[in-house]
Amino acid sequence: MRSQVLSVLFLLATLVPCRAVSKKDPHRFRNDMPTTDDDDDAHGFPNGILPHSRCRHNYHDRTEAAMNRQINLFMHAGYVYHSMAHYFGRCDVALPGFQKFFQQLAQEQRGHVETLMKYQNLRGGFILLQQVTAPTTSEWGSGLDAMEHALELEKSVNQVEKMFTISQYITNLERVGPGLGEYMFDKLPQN
């Protein structure tokens, strides 16, 4: 998990150029952060203008914004995985292996969020949380349907190892089929 977060950070650092903040102007303000019309007093500053943090050095505004987008993507993914986990834990679905798998994915997403938030603070960036959108459904269908949705979700947050693992699970679920096959897959130790 830590290596995945570090690879995301490295990718962001290599794609976005860095520039030093001038020490001559310590009260330099940014106004490039997204604001809403009804939020004129974001973080206590008028018109959403935020001052730079004292510890900020060589941290580009676009990198900070990309980190905030990634934080919000991870939060949404965790929210969806919580919904999936509790769906499979229902008494009329009763697939505890799927419940455990999706609960673990939700916890991993929370871990990614915490890691990126700590990094944002360490670099002197501001954490700008957006509204977390609800999952598109609360009925996830079969284990195969949920895994296919999870694969698309992992593609959106770019977790390569999870994409590979979920793709393997989809292949196995297609092989064993619904009903008893899905039940037997649920009992396997990887879940």
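1. Is F98 buried or exposed? F98 has 0% relative accessibility, so it counts as buried. Bear in mind that this is a predicted model.

2. The aromatic pairs come to nine in total, counting rings whose centres lie within 6.5 Å. One of them joins Y87 and F88. Their centres are 5.0 Å apart and their planes stand at 80°, an edge-to-face arrangement. Y87 and F88 are both buried.

3. F88 also pairs with F98. Here the centres are 5.1 Å apart and the planes meet at 25°, so this pair is stacked. The cut-off for stacking is under 30 degrees. F88 sits in helix 2 (residues 61–88) and F98 in helix 3 (residues 96–122). The two are 10 residues apart, and their pair links distant parts of the chain. F88 has 0% relative accessibility and therefore counts as buried.

4. These rings belong to a cluster held together by ring pairs. Its members are Y81, Y87, F88, F98, F101, F102, Y169 and F185.

5. Now the helix packing. The axes of helix 3 and helix 5 (residues 160–176) come within 14 Å and cross at roughly 165°. Angles over 145 degrees count as roughly antiparallel, so helix 3 runs roughly antiparallel to helix 5. Their crossing is left-handed.

6. Which residues of helix 3 meet helix 5? They are F98, F101, L105 and E108. On the helix 5 side, the partners are K162, I166, Y169 and L173. By class, this contact has six nonpolar, two charged and no polar residues.

Notes: Residues are numbered from 1 along each chain as its sequence is written. This is a predicted model: local features need pLDDT of at least 70, side-chain atom pairs count only at pLDDT 80 or more; totals for chains, interfaces and linings use all residues. Side-chain values use heavy atoms; hydrogens and water are left out. Rings of Phe, Tyr and Trp (its six-membered ring) pair if their centres lie within 6.5 Å; planes under 30 degrees apart count as stacked, over 60 as edge-to-face and the rest as tilted. Buried means under 20% relative accessible area, exposed over 50%, partly exposed in between (1.4 Å probe, protein chains only). Helices (H or I, at least four residues) and strands (E, at least two) are DSSP runs, numbered from the N terminus. Axes are lines fitted to C-alpha atoms, for helices over the stretch in contact, and angles run from 0 to 180 degrees between N-to-C directions. Angles under 35 degrees count as roughly parallel, over 145 as roughly antiparallel, 65 to 115 as roughly perpendicular and the rest as oblique. A crossing is left-handed if the near helix is turned anticlockwise from the far one by less than a right angle, and right-handed if clockwise. Contact means heavy atoms within 4.5 Å. Ala, Val, Leu, Ile, Met, Phe, Trp, Tyr, Cys and Pro count as nonpolar, Asp, Glu, Lys and Arg as charged, and the others, Gly among them, as polar.
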